[in-house]
Amino acid sequence: MADYERVLKCWGAIEADYAGHGGEVLTRLFKEHPDTLKLFPKFKGIPQSELAGDTLVASHGATVLKKLGELLRAKGDHAAILQPLATTHANKHKIALNNFRLITEVLVKVMAEKAGLDTAGQGALKRVMDCIIRDIDRYYKEIGFAG
């Protein structure tokens, strides 16, 4: 519970600009892990140099961060939020579990820079995301997705 609270203390800065921060998260994800761009067919054809300012990227990034905000506010009681998300990410999007780990790395960096998440907060965010990813893995196994 303390980990969620620690991260939520800085979450207001992220909420203040979901699109800007979300675009930053996805753009960095694609830059640091170029293979992840293939997981987003709607971004196909957008040159790497234009991803940072693209409204589709920013909009999807905002969606990602809004969902993360819901998960954070649920403070671990997130089955009703996470199960449908895991199901669509397995069945429709075919997102392997490791990709959640990759975006976690980027989220930690962006929150440190943009929301003032200190070292203890970064550790808290990593632990929160580990919990979420473990639960996604459990849902993946329940539906037979080898993510």
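Visitor: Why is Lys75 called partly exposed?
Guide: Its relative accessibility is 30%. Buried needs under 20% and exposed over 50%. Lys75 therefore counts as partly exposed. The model is predicted.

Visitor: What makes Lys75 and Glu5 a salt bridge?
Guide: Their closest N and O atoms are 2.3 Å apart. The cut-off is 4 Å, so the pair qualifies. Lys75 sits in the loop between α3 and α4, Glu5 in helix α1, 70 residues apart. Glu5 is partly exposed too, at 35%.

Visitor: How do you know how the span of α3 compares with the expected one?
Guide: Helix α3 runs over residues 55-74 and has 20 residues. From first C-alpha to last it reaches 29 Å, close to the expected 28 Å. Just after α3, Lys75 takes a positive phi of about 50 degrees.

Visitor: What do the buried residues of α3 pack against?
Guide: They pack against α1, α2, α4, α5 and α6. Among the buried residues are Val57, Leu65, Leu68 and Leu72.

Visitor: Is Arg28 buried or exposed, and how do you know?
Guide: Its relative accessible area is 17%. That is under 20%, so Arg28 is buried. Arg28 forms a salt bridge with Glu113, with closest N and O atoms 2.3 Å apart. Arg28 lies in α2 and Glu113 in α5, so the pair ties together parts 85 residues apart in sequence. Shared partners join Glu24, Arg28 and Glu113 into one network.

Visitor: What makes Arg127 and Asp3 a salt bridge?
Guide: Their side chains meet at 2.8 Å, N to O. The limit is 4 Å, so the pair counts. Arg127 is in α6 and Asp3 in α1, so parts 124 residues apart in sequence are tied together.

Note on methods: Residues numbered from 1 in each chain as written. Predicted model: local features only at pLDDT ≥ 70, side-chain atom pairs only at ≥ 80, totals over all residues. Heavy atoms only, no water. Helix = DSSP H or I, 4+ residues; strand = E, 2+ residues; numbered from the N terminus. Expected span 1.5 Å × (residues − 1). Buried < 20%, exposed > 50% of the residue type's maximum accessible area, 1.4 Å probe, protein only. Contact = heavy atoms within 4.5 Å.
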